[in-house]
Amino acid sequence: MRFPTAQAPFLAPVNSVNRIMLEVLVALIPGLAALVWQFGPGVLVQCMIALLAAELGEAAMLSLRRRPIVPTLKDYSAALTAVLLAISLPPLAPWWIPAFGTLFAIIIGKHLYGGLGYNPFNPAMVGYAVLLISFPQHMTAWLPPKELSGSALSFADNWNAIFSRTLPWDMTFDALTMATPLDTIKTQLGLNRLLDEIQSGGLFSGIGGRGWQWVNFGFLLGGLWMLKRGIIAWQIPVGFLAALFAVALLFFLIDPAVYPTPLFQCFSGAAMVGAFFIATDPVSASTTPRGRLIYGALIGLLVFVIRSWGGYPDGVAFAVLLLNLAAPTIDHYTRPRVYGHPT
Amino acid sequence: MARTQGGGSVNLFKLWNFHGGLHLDGHKRESCRAPLAVAHLPERLVFPLQQRNGEDSKPVIAPGDRVLKGQVIAHDDSPFNPPIHASSSGIVRAIEDLPLPHPSGLSGACIVIETDGEDAAIDFAGIADYRQCSPDELRRMIYEAGIVGLGGAAFPTSVKVAPGSDRKVDTLILNGAECEPYITCDDSLLSHHPEDVLEGAKILLHILQAERCLLAVEDDMPDALAALEKAKRCGDFEAIQLVRVPAIYPTGGEKQLISVLTGREVPMRGIPADIGIVCQNVGTAAAVYNAVVHGTPLISRIVTVTGRGVKQPQNILARIGTPLADLIQQCGGHTNEAERLVLGGPMMGFGVPTDDLPLTKSANCILVAGRNELIGEKRALPCIRCGACANACPVNLLPQQLYWYGRSDQIERALDYNLFDCIECGCCDYVCPSHIPLVQHFRATKGKAVAKRREREKADHARLRFESRQLRKEQEKRERAESAKRKKETLGTGKAPEILEAIERAKLRRAEKTAQPSGNSDPIDHDKRETVTPPTAAEAHRTSADTGHIENPSDDRKSEAQPMSSEID
Amino acid sequence: MLTVFVVCALFALFGLLLGYSARRFKVEGDPLVDKIDAVLPQTQCGQCGFPGCRPYAEAIARGDADINQCPPGGEEGVIALADLLGVEPKPLSAEHGVEKPKSVAIIDESKCIGCTLCIQACPVDAILGAAKHMHTVIASECTGCELCVAPCPVDCIYMEPVKETLATWRWPEPKAVGQ
C-alpha cells in the first residue's frame with residue numbers, strides 16, 4: 001500500500017493567528033463599552049468606518065500584490081488595526097479622519113513594508129500619528145464625559161455629526177467639545193497654573209479624570225483577561241506600567257504641584273490601552289522575554305517624558321513608534337542563554 | 001526551577017524543570033491495552049548495510065550461503081559500526097539495492113535472507129557472572145553483539161559506555177521517559193521484562209564504575225512503574241533508583257532528562273560524559289543484559305504498532321529485518337481509513353511511502369494514521385513574531401530568529417544563533433500560530449550550512465592542488481632552462497663526459513665495421529655489440545610502477561627492442 | 001577672519017591625521033582579492049574568461065570583470081560576491097556558460113590511448129597516468145571543470161553528474177509562505 005509522505009511534526013498546531021486576533025478584539029469589549037457609556041456611541045461609528053476602510057484597503061493592496069485575498073482577510077489583523085485606531089479617535093471626528101487614518105495605516109503602515117509580519121512600526125499608531133500631526137484640531141476635540149455633559153447625543157445624532165457635520169438644535173462643535181484631562185493639564189501648566197488648581201475642576205474627580213478612569217479600567221480588565229488566556233506576554237504591560245508608575249512617583253514626590261500622581265498617570269489617557277493592546281502588538285514589539293521588559297519599561301518612561309515635557313498631551317503613540325525603531329537592537333542584546341552555553 | 005517530587009513508594013527525589021516543553025495528548029492507551037505479542041517469523045529478512053558514518057558495512061556472507069540465527073552477516077572494523085547479525089536462519093537470497101527506511105527515499109545495499117522457518121541458532125554463549133569480566137571485555141561483548149541505542153538514534157553502545165579515562169562517570173541514567181505520543185514500546189518492555197532492564201543497569205554500572213543509576217519513568221506509565229517496583233524488591237538493586245518524571249514533552253530527550261534529574265546541563269558541543277553522566281535507553285539496557293548473560297546478539301526489539309489505521313494496535317517483539325507490512329498484518333492489517341505511515345512518533349518520526357521496508361534497530365514505532373489523525377502539509381502564514389516558539393523551546397533558542405535567517409539565507413547569522421543546538425523536537429512548530437513548518441526550515445538550513453562548509457573545504461583543497469601544480473610547473477620550467485643552459489655551455493667546450501663516451505662508442509663501431517665486412521646479422525656479434533640489454537621483467541615492473549601503472553613487461557621489451565635493431569643497421 | 005584661520009587649521013589637522021593613518025595602518029597585499037578568491041569555487045576552469053580563479057578575482061577587484069561570469073559558482077556564488085562587494089546581484093552571464101549539475105570526468109578506458117594531453121590540461125592534477133599508460137580520473141579530486149574533455153584526441157572523456165548518496169542527501173526546503 002502506498003502512502004503520501006510529509007515531514008514531522010504531524011500533530012495539528014493548537015494556535016492560529018485569527019484566533020489570537022479575535023481574542024484581542026473580544027478583550028477590547030470592556031474598554032469599548034466604557035467608552036460608549038462615557039462618551040456616547042460615536043466611537044462605534046468610528047469603528048465601523050475604520051473597519052470598512054481597513055478591509056477595503058487590505059483587499060486592494062492584496063490584489064495589487066497578487067496575494068490570496070479572502071484567506072488573508074480572515075486573519076482579522078486588519079480589523080484589529082482598525083478598531084485600535086478607531087478607539088483612539090475623538091468620537092465626533094469627521095468620517096474622513098478614520099477613513100484616511102486607517103487607509104494610511106493599512107496601506108503604508110502595513111502593506112508597503114510587506115504585509116502581516118513585516119511591518120516594523122505598529123500600523124494603528126502610524127495612522128494615529130499621521131492624523132495627529134496633520135489634523136490637530138479635529139484630533140483634540142473630545143467630548144465631555146457623561147457625568148459632566150448632561151444630555152447625551154443619540155446614535156443618530158452621532159451619525160449625523162460624523163458624516164454631515166450637523167448637530168441637533170443649535171449646538172456647535174466648539175461648545176460641545178472639550179479637551180481631555182491630560183490636554184487640560186498640559187495647557188494649564190503652560191499657563192503657569194498649579195495642579196491643585198487645575199485638578200479642582202469637575203473634570204478631575206477620581207483617579208484618572210472623570211470618565212477616563214472608567215475607560216482605562218475597562219481596558220485593564222480586557223488586558224488581564226488576555227494575560228490569563230496567554231494571548232500576550234506579561235513582560236510588556238508590566239514593564240510599561242511599572243516604569244510609568246515608578247518615574248511618575250519619583251517626580252510626584254519631587255514636586256507634587258506640577259507632576260500628577262502616579263495613579264493618575266496610569267489611569268489617564270491611553271495608558272492602559274497602550275500597555276495591554278498597543279505596545280503588545282507582536283510584530284513590531286521586542287520578542288525576547290528580557291527584551292520585552294526593557295521595551296515596555298522604556299515606553300512607559302517615554303510616555304511620562306512626552307506627557308510632562310513634550311509637545312503633546314499624551315505620548316503613547318509616539319513612545320511606541322520610537323521604541324518600535326529600537327526593538328531589533330533590544331532583541332539583539334537580550335538573547336536568552338541557550339541550554340549548555342555559559343552565561 | 002527545582003521542585004521535589006514525592007508520592008507513592010517511589011523515594012522523594014528532587015527534580016528540576018527545563019525551559020519550555022509541551023503537554024501533549026499521549027495516545028498511549030490504544031497500544032498499551034493489549035499484552036506484548038511475539039512476531040511470527042517473516043518469510044524474508046532485509047538488512048540495510050548503511051551505517052551512521054556514511055560507510056556501508058561489509059557483508060561477510062555471499063548469496064546462496066546458509067546462515068543461522070545470531071550469525072554475523074556484515075562487519076566493519078570501525079568501533080562506530082557494530083556488526084549486523086541474522087535474526088533467523090535461512091538462505092542469503094541476494095545483496096542488492098532496495099528502498100531504505102529513510103526520509104530521503106533513497107535505496108541502498110541490503111542483505112536479503114529468505115528464512116527457512118527452522119529458526120536454528122548458533123551457540124549463544126553468555127557469562128554467568130559478569131563481575132568476573134573487566135569493563136573492556138564487557139564493552140567488547142556489547143560491540144560484538146551489535147548493540148546500538150534503541151531510543152532512536154542508534155548510537156553504538158560500546159562507544160557510549162567508553163567515555164575515556166579523562167571523564168569520570170558518577171551517574172548512569174536509564175531513559176524510560178517515553179515522552180512522544182503514541183509510542184509505548186519502552187512502557188511495554190518495563191511492564192513485561194523489568195528484570196532484564198534492572199540487570200542490564202547493573203552491568204552498565206559495572207562497566208562505567210559509576211555510583212548510582214537513575215531509572216526515569218514518566219508518571220503516565222503506571223504499569224511500568226508498578227512492575228519495576230515489584231522487580232526491584234526481588235533482587236539486589238540498591239544502586240538503582242526509580243524516579244517518576246512529569247509527562248512533559250520532550251522530557252525523554254537526553255539533554256532535557258539529564259537536566260531534569262540532576263540539574264546539570266550538558267555543555268555546548270559536549271557530551272553527557274563531560275559532566276559525569278551516561279544516558280541509555282531502557283531497551284538498550286535490556287539488550288546489554290541479553291548479550292552479556294545469555295550471549296544473544298541484538299536481533300529483535302519491541303516496536304509499537306499503533307494508530308487508527310491499524311486494526312489491533314499493540315506492542316510486538318519483532319525480529320530486526322522484518323518487513324513492516326508483516327508486522328502490520330500481524331496486528332490485524334490496515335483499516336480502510338489508513339491514510340499515512342510514519343516511522344517513529346508524530347513529533348520526530350518521518351513519513352514513508354510504503355510498508356515494504358525493513359524494521360531496523362532504531363525503529364521504535366510504526367504509526368499507521370487514520371483519516372485526519374495526523375496532518376500533512378500546513379498552510380503557513382507570515383511570522384507574526386509572537387514569541388510562542390521561543391517560550392516552548394526546550395533548548396531556549398530563538399526559533400523566530402533562526403527562521404528569519406534561514407529563509408533569507410543568512411547562514412552565518414543562523415549559526416551565530418546556535419542553529420545546530422536545535423534538537424528538532426517540534427515544540428516550536430506545534431505552538432506556532434502562523435503554522436510555519438519551523439523544523440523543516442531548520443533542517444533545510446542545517447543541510448545548507450553543512451553543504452556550504454563541505455564545498456568550502458573542497459574548494460580550498462582544489463586551490464591547494466592548483467597552486468602546488470603551478471609551483472611544480474614553474475620548477476620544471478626552471479630546471480629545463482637550467483639544464484639547457486648547462487648543456488649549451490658544455491657543448492661549447494666539447495669536453496662533456498657523455499659526449500666523449502658517445503664518440504668512443506662510435507669509434508668502436510666504426511672499427512668493428514671495418515674489421516668484419518661480411519655482415520652484421522651474426523647473432524654472436526649481435527650479443528657482443530649490444531651494450532644495453534633489454535630490461536628484465538623486474539625492471540619493467542619498476543619503471544611501470546614509476547608511472548603508476550602495471551604494464552605487461554613483454555610489451556615493454558618488444559617496444560624497446562625495436563629501436564635497438566634499427567640502430568644496429 | 002579668525003573663523004577662516006581656525007577652519008583651515010582644522011582641515012590641515014585632519015589631513016595630517018588621515019595621511020598618518022594611511023601610512024600607519026596600511027595593509028600589505030590585496031585583502032579584497034583574497035576575499036573574492038575565497039568565495040570562488042576554485043574549479044580553475046577558465047569559463048569566466050580568465051586563466052584561473054585568482055586572475056578572475058584580481059580582475060573583479062580591479063573592476064575589469066563583472067561578478068556574474070562564473071558558472072560553477074552558480075547563482076549562489078554571484079549573490080555571495082554581490083554581498084561581499086556591496087553591489088546588486090545579477091543573473092549569470094549566458095555568454096560565459098550555464099550552471100550545470102555537479103559532475104566528475106570519467107575516462108572510457110577502452111578508448112584511452114595514453115597521450116597525456118588530458119593530464120597536462122587538468123589544473124588540479126586529478127588525472128593519474130603517464131605516456132603510453134592508461135589514464136584515469138581520481139574522482140575525489142575532480143572539480144568538474146571540463147578542461148580535459150576538449151584536448152582528448154579520441155573523445156574518451158565524458159562528464160557524469162554526481163549521484164546523491166545518503167551522505168550527501170539534504171532535507172528539502174519547505175514550500176514558500178502561503179501568503
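Me: Which residue of β10(B) is the bridge partner of B:L45, and what makes β4 and β10 of chain B a pair?

Reply: The bridge partner of B:L45 in β10(B) is B:I113. The model is a predicted one, in which local features need pLDDT of at least 70, side-chain atom pairs count only at pLDDT 80 or more, and totals for chains, interfaces and linings use all residues. Residues are numbered from 1 along each chain as its sequence is written, while chains are lettered from A and ligands numbered from 1 in the order in which they are written. Two strands pair if DSSP finds at least two bridges between them. Strand β4 (residues 44–48) and strand β10 (residues 107–115) of chain B have five bridges, in the antiparallel sense, so they are a pair by that rule.

Me: How many bridges join β9(B) to β10(B), and in which sense?

Reply: Strand β9 (residues 90–99) of chain B pairs with β10(B) over nine bridges in the antiparallel sense. Within this pair, B:A94 stands opposite B:V112. Strands of a sheet pair through backbone hydrogen bonds, either parallel or antiparallel.

Me: What is the strand order of the open sheet of four strands in chain B, and why do β13 and β14 stand at the edges?

Reply: The order is β13-β12-β11-β14, with parallel pairing. β13 (240–245) and β14 (277–281) each have a single partner strand, so one side of each is left without a neighbour in the sheet. Neighbouring strands are turned by 25 degrees against each other on average, direction ignored.

Me: Which strands does β11(B) pair with, and which residues stand opposite each other?

Reply: β11 (residues 171–176) pairs in the parallel sense with β14(B) over five bridges and with β12(B) over six bridges. Towards β14(B), B:L172 stands opposite B:V278, and the bridge partner of B:N175 is B:N281. Towards β12(B), B:I173 stands opposite B:L214.

Me: What makes β11(B) count as mostly covered?

Reply: Six of the six residues of β11(B) are buried. B:T171, B:I173 and B:N175 point one way, whereas B:L172, B:L174 and B:G176 point the other way. In a regular strand the side chains alternate between the two faces of the sheet. Across chain B, buried residues make up 44% of the 569 residues.

Me: Which helices lie across this sheet?

Reply: Helix α6 (residues 222–233) of chain B lies across β11, β12 (212–218) and β13, running at about 165 degrees to β13(B). Helix α7 (residues 254–262) of chain B lies across β11, β12, β13 and β14, running at about 120 degrees to β11(B). Such angles run from 0 to 180 degrees between N-to-C directions of axes fitted to C-alpha atoms, for helices over the stretch in contact. Chain B has 18 helices and 19 strands in total, taken as DSSP runs (helices H or I, at least four residues; strands E, at least two) numbered from the N terminus.

Me: Why are α2(B) and α8(B) called roughly perpendicular?

Reply: The axes of α2 (residues 135–144) and α8 (residues 282–294) come within 9 Å and cross at roughly 105 degrees. Angles of 65 to 115 degrees count as roughly perpendicular (under 35 roughly parallel, over 145 roughly antiparallel, the rest oblique). The two helices are therefore roughly perpendicular to each other. In this contact, B:L138, B:M141 and B:I142 meet B:V288, B:A291 and B:V292. The contact has six nonpolar, no polar and no charged residues; Ala, Val, Leu, Ile, Met, Phe, Trp, Tyr, Cys and Pro count as nonpolar, Asp, Glu, Lys and Arg as charged, and the others, Gly among them, as polar.

Me: How many residues of chain A are in contact with chain B, and how are they classed?

Reply: Residues are in contact if their C-beta atoms, placed from the backbone, lie within 7 Å. By this rule, 35 residues of chain A are in contact with 50 residues of chain B. The chain A side divides into 21 nonpolar, ten polar and four charged residues.

Me: How do you know that helix α17 of chain A is mostly covered?

Reply: Eight of the eight residues of α17 (residues 271–278) are buried, among them A:M272, A:F276 and A:F277.

Notes:
Contact = placed C-beta atoms within 7 Å. Buried ≥ 20, exposed ≤ 12 C-beta atoms within 10 Å, placed from the backbone.
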